[in-house]
Protein chains: 2
Amino acid sequence: MAAGSDSVLIVGSVALDSVETPSGKVERALGGAAVYSSIAASFFAPVRLVGVVGEDFPQEHVAFLTSRRIDTRGLQVVPGGKTFHWKGAYMGDLNQAETIATELNVFQSFSPKLPEDYRSSGFVFLANIDPELQLEVLDQIDSPKLTACDTMNFWIEGKKDALLDVLRRVDVAFMNDAEARQLTGESNLNRAANEIHELGPRYVVVKKGEHGAVMYCDQSMCFTAASYPVHEVVDPTGAGDSFAGGFMGFIARTGEVNEANLRRAVIYGSTLASFNVQDFSLNRFKRLTIKDIDGRYEEFRRIVHFEPAG
Amino acid sequence: MAAGSDSVLIVGSVALDSVETPSGKVERALGGAAVYSSIAASFFAPVRLVGVVGEDFPQEHVAFLTSRRIDTRGLQVVPGGKTFHWKGAYMGDLNQAETIATELNVFQSFSPKLPEDYRSSGFVFLANIDPELQLEVLDQIDSPKLTACDTMNFWIEGKKDALLDVLRRVDVAFMNDAEARQLTGESNLNRAANEIHELGPRYVVVKKGEHGAVMYCDQSMCFTAASYPVHEVVDPTGAGDSFAGGFMGFIARTGEVNEANLRRAVIYGSTLASFNVQDFSLNRFKRLTIKDIDGRYEEFRRIVHFEPAG
């Protein structure tokens, strides 16, 4: 086994987010798809982060990342640059963010360059980011055991061809239900997932927010998971990223891609997402332990258990 | 054990429905909450039906009901009367019916009178109907092992006090997510269910359509079930009624109200609902066998299974 083959390489946005929800708000707090997914994955496996920030990115955030066995040598810092900034609000419907402002800043001219030893990473997660950058990362890696991508409506609309190229080359596609429908034009989720499978990915994982997640293996729906009943959702930002990061981190820890592990990965992903929404930014993760995670995983088992027919 | 203590008494609407969906349409087809739930329950236990129809109600429908061990002595036939008629359409969103016409007809002057031996029924399901009529039925029964009610937005808005009286007196409340939110004014489903529990019912079962169902036992969410992945929903009419009927029928068959059986009842309810939506009216149920049902129940077990943590 090559060195670092149990590591998860993650590329995606690193951001300062300003978010308002019915529970309150934060200004320029740590965020971004790569950050949520890296922290989530780091509970299970070493992570190698690829991204870009500006000089304004607080050193304490880098320190937080490195304190969680996240290798940040792939995090470029652009001298004089400004970090990607997203401003959004969830009002009324916590399932749907309203984007107030998106400042790409240093992302406008970003080109990922992987440190040499990143190339042998066994697990690769292309978090939400321009699909052309996802392709650049895929071009720089050797022969990972599992590759996965996420995306968003913005790229489905604006860079569909590049996204289709990504889908042709990954093993797992993470998508939320609206994105799966948007990409395929198919309203029935089962048929939409089958169409995405035909575009390339062997596994399609559809995230449905408070309604759980569904995994398709090859032609058919192989696993469905309810979501954990969170009594108070404080901030949904990063839930999908935390899900995917937890999923990839767990699979990396097992080292073996098989259906039993993928099912457990979905539940670990849901578990991480359910913790993440209980506070703003990465705050809940900062005080989270693997014991908390395993406890909630087992609670998941209790609330979905039922006896055989008859 | 009293005679008939394993029977399910069901009161609710018996209807002729005209329904249009993207898959086609039917005119004046057999329908109604009591019919869907009675047929669903009849796969597991003897059913005693309470309802009303007009002279126009086709004899073949009565014959269908009686062929499924459903006792129809409680089905009043009003001479010269017209059967309740609902006309609706599902266009685009299969989760939401658009009501085009509702003709109450014989329901306007209905007062349920239970045949003497119905009073000892062990299981009572008050399907969707005017809550004042649900109360009249509750006044006529002895000491059932389990009582349950369903309702709809129309009664929550128009007869809330009577509905609250019903809730005070039943063990199980079935509601869909929108109704649970409407009744309590609480957008978080977990908190809404807790408020409904405080109104009376020990068990609150929230039906979420394609997103499954959740059961609350006393103060807390005790069970969550995904829905079965139906590839083509032909007609969603009666899904919730089939769910509740399957739930009550199964519990009656076990004869024992405990959490393990209630969990299985949720899955049997989901199973019946998933079959029902695959055709118009009661057509799928007409060719359904208990072997089909148990087969899909076991498929449910396969698609939600995952191994312990670690």
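Is B:Cys222 buried or exposed?

Author: B:Cys222 is buried, with a relative accessible area of 8%; buried means under 20% relative accessible area, exposed over 50%, and partly exposed in between, with a 1.4 Å probe and protein chains only. This is a predicted model in which local features need pLDDT of at least 70, side-chain atom pairs count only at pLDDT 80 or more, and totals for chains, interfaces and linings use all residues. Residues are numbered from 1 along each chain as its sequence is written, chains are lettered from A and ligands numbered from 1 in the order in which they are written, and side-chain values use heavy atoms, with hydrogens and water left out.

B:Cys222 is bonded to B:Cys217 in a disulfide, with the sulfur atoms 2.0 Å apart; a disulfide is a pair of cysteine sulfur atoms within 2.5 Å. The torsion about this S-S bond is about 50 degrees, so the link of B:Cys217 and B:Cys222 is right-handed. B:Cys217 is buried as well, with a relative accessible area of 8%.

B:Cys149 is in no disulfide, and the nearest cysteine sulfur, that of B:Cys217, is 16 Å away. B:Cys149 is buried, at a relative accessible area of 1%.

In chain A, A:Cys217 is joined to A:Cys222 by a disulfide with an S to S distance of 2.0 Å. That link is right-handed, with 50 degrees about the S-S bond, and both of its cysteines are buried. Over all chains, the whole structure holds two disulfides. A:Cys149 counts as buried, at 1% relative accessibility.

Strand β13 of chain B, residues 220-225, gives the most to the lining of the largest cavity, with three residues. The lining includes B:Phe223, B:Thr224 and B:Ala225, and from the other chain A:Thr224 and A:Phe306.

Note on methods. 1 Å grid on protein atoms, 1.4 Å probe; cavity = no way out; pocket = protein on both sides within 12 Å on 5 of 7 lines; lining within 4 Å. Helix = DSSP H or I, 4+ residues; strand = E, 2+ residues; numbered from the N terminus.
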